[in-house]
Amino acid sequence: RTEDASIFTDEKLAEFDGILMLSTTGRPVPDSGKAAFEKFLAKGKGLIGIHAATDCHGEWGAYLNAMGGRFDGHPWGAGSLVTLFNEDPTHPCCKNVPQGFQLKDEIYQYKKDQYFTRENLRILLSLDLAGPKMKKGGMKRKDNDYAVSWVREITGSRVFYTNLGHNESTFSDPVALQHMLAGIQYAFGDIQ
């Protein structure tokens, strides 16, 4: 674990099989490290994004394309009890997530653009808007597509992203933790 941006070089990244972007905002990868990051992904490595990993590098197309979405607000704040819809219950990342699972967490919405498309992403979990108090002010998507977790393959690498993880309590919830662990294993190629 590091917050040292100097890790983003070809030599240093060669030591790793995956990169986990944990609640990153702003520009965690310096301009000098972007080429190394992109080369790393082109080598069939893993990329994991937890929560705010879609709320950074808003102008770096390669990063947004890899991560699969660009933050566009969070109508569901940290105190919101959200209801999840398990879109892929047979996927190893979702086998333990019961339909209608609820937890308190801050949930993002994503811009409707070339980065967040169901053609490019395998959506695992999304918000169940039929759950209690799920309609919020600030909901921007006319299609009501509020994905929470997904996987994808890009340039030979495997990507897992989940919006879960704003609240500390999420990291002690066994369902959320198992979902994240399986996602990390997916990104590393340990599970299909």
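1. The sulfur of Cys-94 lies 6.2 Å from the closest cysteine sulfur, in Cys-93, too far for a bond. The structure holds zero disulfides (a disulfide being a pair of cysteine sulfur atoms within 2.5 Å). Cys-93 counts as buried at 0% relative accessibility, and Cys-94 counts as buried at 0% too. Buried means under 20% relative accessible area, exposed over 50%, partly exposed in between (1.4 Å probe, protein chains only).

2. On provenance: this is a predicted model, where local features need pLDDT of at least 70, side-chain atom pairs count only at pLDDT 80 or more, and totals for chains, interfaces and linings use all residues. Residues are numbered from 1 along each chain as its sequence is written, and side-chain values use heavy atoms, with hydrogens and water left out.

3. The protein chain has four helices and nine strands (DSSP runs: helices H or I, at least four residues; strands E, at least two; numbered from the N terminus). From the N terminus, the order is α-β-β-α-β-β-α-β-β-β-β-β-α.

4. For 192 residues, a compact globule would have a radius of gyration near 16 Å; the protein chain has 16 Å, which agrees. The radius is taken over C-alpha atoms, and the globule rule is 2.2 Å times the number of residues to the power 0.38. The C-alpha atoms fill a box of roughly 50 × 30 × 30 Å along the principal axes. Of the 192 residues, 52% count as buried.

5. Leu-22 sits in strand S1 (residues 18–22). Leu-22 counts as partly exposed, at 47% relative accessibility.
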